[in-house]
Amino acid sequence: MYGSGLRSAELLSLRIKDVDFGSNNIFVRGGKGNKDRTTLLPQGVIPDLERQVQCVSLLHQQDLLAGYGLVYLPDALDRKYPNAAKQLAWQYLFPANTISKCPRSGIYRRHHMHSSTLTRQVSTAAGKAGINKPARCHAFRHSFATHLLEAGYDLRTIQELLGHSDISTTEIYTHVVNRGDKGVLSPSDRLRSIHKVEETCPGYLAEITELQMQRF
C-alpha cells in the first residue's frame, strides 16, 4: 500500500497475473470507479512477493487435489474462459486461510484475505513499532502520495499512480506536505532549519568565534 499507493481493497483483489516482475509494474483491475491502472512495483518487496507466489502455488495444488481450486472470475469470464478459474495466474495473491461457500453460486472457493484480517495485522504491526496513534490502512496510501510530492514528482504522475479521476483530489496533498493541515511552516521550524545549516558549517562558525574573541 505504501510502496504502490494501493487502496486496501485493490491490494486484496490482486491476482498473481497482476504483478509483473519483469517490468516492475502492478496492474490494478477494476479499481475505484471500476477503472484499471498501472502503478509501481517496489523492488524492495520483489523477493517477498516471489515467495508469496510460491506459497500460493503450493496451496493451489493442494486445493486441486482436494477437489477445489476454482476462483471467482469477474465479468462472466468463467463462461468465456471455462478453464481460467483453475489456473494459477488467476488465483488471489493474498488468499484466505480457508475455503468457503460462495453465497451467490453455492460453489466452494478460496476467496482473497478478508479486509478485517488486513486491518488487524496493520494494527498489530503498529503496536509492535511503538506507534501510539490509530493505524489505518489508508494512511499508507496517503504517505505514498505525500512522499512522492516531497521528492519532487509532478501532480499528474502522482494522479495516475493513485488512480484519481480529478487532479483536484491529488492537489490536496500539496497543502499538507510537512506543513500541517493549513500548509503553513511554523516559525519555530524555520529557526530550527537555520540552526541545522549552521551546524553543518563548523569551520565557518569557528572563524566567526575567533574574530569575536579578537575584539576583546
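A polar contact of 3.4 Å joins the side chains of H164 and R141. In this predicted model, H164 is placed in the loop that lies between α6 and α7. With a relative accessible area of 13%, H164 falls under the 20% limit and is therefore buried. When neighbours within four places in sequence are set aside, the residues in contact with H164 are R7, R141, Q159, T169, T170 and Y173. The loop between α6 and α7 also holds D166. D166 has a relative accessible area of 38% and is thus partly exposed. Its side chain reaches the backbone nitrogen of S168 at a distance of 3.0 Å.

Helix α6 itself spans residues 155-162, and its buried residues are I158, Q159, L161 and L162. These four positions lie on the same side of α6, because they cover an arc of only 165° around the axis. R156 and E160, on the other side of the helix, are exposed. The packing partners of the buried residues of α6 are β3 (37-40), α5 (138-150) and α7 (167-171). Q159, one of the buried residues of α6, is also among the residues in contact with H164. Both ends of the helix show local features. At its start, a side-chain oxygen of D154 comes to within 3.2 Å of the backbone nitrogen of R156. After the helix comes G163, which has a positive phi near 80°.

The protein chain as a whole contains nine helices and five strands. Read from the N terminus, the order of these elements is α-β-β-β-α-α-β-β-α-α-α-α-α-α. Of the 216 residues in the protein chain, 29% are buried. Among contacts in the protein chain with a separation of 6 or more, 49% are between residues 24 or more positions apart.

Three of the strands form an open, antiparallel sheet in the order β1-β2-β3. β1 (19-20) and β3 are the edge strands, each of them pairing on one side only. Between β1 and strand β2 (residues 25-28), the antiparallel pairing extends over two bridges, and V19 stands opposite I26 of β2. The hairpin of β1 and β2 has four residues between its strands, and within this hairpin N24 adopts a positive phi near 60°. β2 and β3 also run antiparallel and are joined by four bridges; here F27 is found opposite T38 of β3.

In soluble globular proteins, nonpolar side chains tend to be buried together. The largest nonpolar core of the model comprises 19 residues, and the members with the most contacts inside it are M1, L11, L14, L41, L93 and L118. Two or more residues are contributed to this core by each of α1 (8-12), β2, α2 (46-65) and α4 (115-128). The largest share, four residues, is that of α2. Apart from this core lies another one, of eight residues, which includes A145, L148, L161 and Y173. Of these, L161 is a buried residue of α6, and Y173 is in contact with H164.

L118, listed among the members with the most contacts inside the largest core, is in contact with M1, S8, L11, L12, M113 and C137 when neighbours within four places in sequence are left aside. C137 has a relative accessible area of 12% and so counts as buried. C102 is likewise classed as buried, because its relative accessibility is 17%. The structure holds zero disulfides.

Conventions: Residues numbered from 1 in each chain as written. Predicted model: local features only at pLDDT ≥ 70, side-chain atom pairs only at ≥ 80, totals over all residues. Heavy atoms only, no water. Buried < 20%, exposed > 50% of the residue type's maximum accessible area, 1.4 Å probe, protein only. Arc of directions from axis to C-beta. Contact = heavy atoms within 4.5 Å. Polar contact = N/O pair within 3.5 Å; in protein donor to acceptor, adjacent residues only side chain to side chain. Disulfide = S-S within 2.5 Å. Pairing = 2+ DSSP bridges. Core = buried A, V, L, I, M, F, W, Y, C linked by side-chain atoms within 4.5 Å.
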